[in-house]
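Dear colleague,

Please find below the structure that I am handing over to you. My notes on what was found in it follow directly after.

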Amino acid sequence: MLPGLLLLAVLLLLYLSGSWETNRQRTLAQLEALATVAQSNTRLLQQQLTSQLVSLQQNLPAQSLQDWSLWVRQQHKPRPLYSHIALYSADGQLLASSFDSTDIQQSPPDIRAEDLNLLQQQQNPRFISTMLINKGRYLPYCLPVSQKVARVICLLTSTSNNNLQWPASGSLEHSAQRLLSPDGILLLASPLPVSRQQIIGTRISDRQQKNLNIPAPDTSGFTYFSNKTEFDGSKRLGVVSFDPQSQLLQIISLPMASLLTLWLEDIAWPLLFFSILLAAAWRSYRHTLKNTQQNERRYSQEARALSEKGKIIDMLMSNIPGSIYQISLPEHLLDFISNGDLQIFSDTANEHAGRHSLLALIHPDDQEKYLQEIDSHCSSGKPYKIIYRIQTRQHELKWIMDRGQVVFSKQNPCQLEGLLIDITDHTLSQQHVEYLATRDPLTELFNRYYFNDELMNSIEELTPGSGKIALLFIDLDRFKTVNDSLGHQVGDRLLKLVADRLRHLVGPKHMVARLGGDEFIVMMNEPESSLEIEHLAERIISAVSQTYQLDHYKLSTSCSVGISVCPDDSSESYILLRNADTAMYQAKSRGGNCYQFYTEEMNQKVNSRLTLENELRRAVKNQEFELYYQPQVSTFDNRLLGAEALIRWIHPSAGIVSPADFIPIAEETGLIREIGDWALLEACKQFREWNNTFALDMTISVNVSVRQLDDAFVLRTQEILNISRLEAKYLELEITESLLLDNVQENLRILDNINKLGVRFAMDDFGTGYSSLSYLKQFPISKLKIDRAFINEINNDPEDEAIVRAIIALAKTLRLELVAEGVENHQQLALLQALACDSYQGYYFSKPVPADVFRQRYLEQKPPLQKSLQQQ
């Protein structure tokens, strides 16, 4: 049936192809006939126009006329063949025309040079290029004459003239005529859309001439083109011919759409017949095919039903997350194992069955456990679940969960059937989570939480009356300096190196952990004696103190170790940690790089300090502070120069608390910023009032802590000066030499910014710290304060006198002002006068006093101040 349908379809295609070609040849024959008629019509038109031109030539005057336009109007009469007459000179310029308008744009144009040359060469009447005159198109038919002035006469026929128009109807509807000169100029195109009429009168391109198969002049016969784009932009079928008599090219064409319409009209009934026949054959074929397919489905249903169970089993086995196996005991040989997603073997399941032992693949450390589990379940007959490791043929170690049961049958007395599931990823993830939960991510030591658990477990396992645990709390000295100067990345790498040294030093016998930051801890289980603890602490201090090489940095650090012992110091884990931390701070207060055992006195000191810290916070909140002022006077006449502001804490119950007790705590907790800002503002406001009230130029000196120095302090100083309205030159900030040792460049930048405000600086306690003359050169220091330690024994100790002499000489050389602190008697003052020290302060003149006492005693009294030791 199907070959018959194909044959019928081929016959239909052959018929359609042949019908199309026949229709095309018939249409070409009709176009040839139309072309012959068009040539005859064109010749007749040319003959009639030639007769009119000859008549006009005979009427030409023998002599040249002054007004050729008059002659043209006399000769012009309404004619059906042409519309107007034009007369041209020998060079093709217009002499006169029958157009009424005098406007040059509405008169015929001059003859183109190409057309003029052709007329002069042939001396025969002919059509020349179409002219656009007054928005109308005209086809000129011209004759050269021998008059002296008028050399060419042209008859202009409108392209809309019926004699030139191609009939829209006829034997071939939608056919079109094109008229071209021998040199390829389009003279006439009828019909032609308005949008394309601008091409009339222009030379068509060589490409289009080739596309339309236009023959060369003097070529006889017809040429043809098919399905080519013509002048109106549509695809056409056409006939081209050259008429030797008219010397013109004729193109007669028909749209391909019209040809298709004619073809469809010819094949309509045969195509309908073939379509009905083909549809009937196709329906018969489909009916036969449907019966065949039903028979095939019926025959295959039984086969599919038989294999369906096997397919389901295969699908289940391929989707099971593991491999199904069957093992024969006691050899543990694999009778069967599915491929699954557990690729234990490199070959296929069918090939390795009966040749491999699962026991041989199990990790040696897990084989004994596996055999014990199998033996116990062979006797009990219960299902089993075993987890063990296997080594695959790809040399991968995998964790396996084996779920199965023992099967007894007549063929094989004992078999194992089960499922192997790969739990490697789950096991490794679980191990990794457990590792992260117990380890410090930076150093990979045990973390604080795991250490606390182990410490509590170790304390619980201690035997009462025997056995001890020692905690060694380790903190790096000056680690913050490394972070601040070299960055946290270098600091982290240093911590890792310290952790490595501790790990190798302590070894597996004792536990080492990182608590956080630069804090580490070691737990010694059952040390034999205190000497063993001390020995380990000394080794730790020595190991940590060794130089570290980090890229191009060579770093040195040390550590402080605090030690607490269980049960001597406590049996509670958190108290032991706290006591070790307290002992570590005690070691750090001794200068670091040492160890310290915990004592009960330390706990009392810590509690006292904690109480003082809490009360200090309350004092800041409640403003329990007051400023005392100690005068600074001239050494020679006791003239009041200014004062140093000294803060006092007026405790509600304890009375006045010494700054030596609470200032270190304030610096450590950061409260010094609030306290320092308050003291600075209070002192500035007080001295601005006194200077204005008593017309004085006193300077107020205020101590500055290293904790206050930052960029924000520069802004706060400016703000305080603005609020108090104290001129900056009357404010003097006192700094200590030890302050300059930490982060020199940063402190120098901050002090320079403050100095630019007009504020001066005095170096306090000069000579007692790590004195460096370079500081006096680098920092904006304007005054030195000689420490009281040198003044106390200046009359009795020649060395102190020599030091004071050197400081005074240095200050004079560097043009720095001088203040001697702690002057308590006349002998000290007399010697300072002899050494030419500028000014002094001390109990000899006045103790620090409250603001009201200072005002009453030193500002309101008259005449100027005179003071003696007895007046104190």
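Leu476 has Cys559 of strand 22 as its bridge partner. Helices (H or I, at least four residues) and strands (E, at least two) are DSSP runs, numbered from the N terminus.

Please note that this is a predicted model, in which local features need pLDDT of at least 70 and side-chain atom pairs count only at pLDDT 80 or more, while totals for chains, interfaces and linings use all residues. Residues are numbered from 1 along each chain as its sequence is written, and side-chain values use heavy atoms, with hydrogens and water left out.

Overall composition

The protein has 25 helices and 33 strands. Of its 872 residues, 44% are buried (under 20% relative accessible area, with exposed meaning over 50% and partly exposed in between; 1.4 Å probe, protein chains only). The accessible surface comes to about 46200 Å², and carbon and sulfur atoms account for 52% of it; areas come from the Shrake-Rupley method with a 1.4 Å probe, and for residues only the protein chains shown count as cover. Among contacts (heavy atoms within 4.5 Å) between residues at least 6 apart in sequence, 60% join residues at least 24 apart.

Two strands are taken to pair if DSSP finds at least two bridges between them.

Strand 17 (residues 469-477) and strand 22 run antiparallel and are joined by 9 bridges. Strand 22 and strand 23 (residues 595-597) run parallel and are joined by 3 bridges. In the latter pairing, Gly562 stands opposite Gln596, and Ile563 has Phe597 as its bridge partner.

Strand 22 (residues 558-566) is largely enclosed by the rest of the structure, because 9 of its 9 residues are buried. Ser558, Ser560, Gly562, Ser564 and Cys566 point one way from the strand, and Cys559, Val561, Ile563 and Val565 point the other way.

Together with helix 14 (residues 573-589) and strand 23, strand 22 makes a left-handed β-α-β unit. A crossover is right-handed if, with the strands pointing away from the viewer, the path from the first strand over the helix to the second runs clockwise. The loop between strand 22 and helix 14 holds Pro567, and the peptide bond from Cys566 to Pro567 is cis, with omega near 10 degrees.

Salt bridges

The whole structure contains 33 salt bridges (a side-chain nitrogen of Lys or Arg within 4 Å of a carboxyl oxygen of Asp or Glu). One of them joins Glu732 and Lys783 at 3.1 Å, N to O. Glu732 lies in strand 28 (residues 731-736) and Lys783 in strand 30 (residues 783-786), 51 residues apart, and the pair links distant parts of the chain. Both residues are buried.

Glu746 and Arg749 meet at 2.4 Å, N to O. Both lie in helix 20 (residues 744-755), 3 residues apart, about one turn of the helix. Glu746 is partly exposed at 30% relative accessibility, and Arg749 is partly exposed at 32%.

Glu644, Glu734, Lys785 and Glu821 are linked in a network of salt bridges. Lys785 and Glu821 are both buried.

Further backbone features

A cis peptide bond also runs from Ser190 to Pro191, with omega near -5 degrees. Arg725 has a positive phi near 65 degrees although it is a residue other than glycine; it is exposed, at 58% relative accessibility.

Yours sincerely
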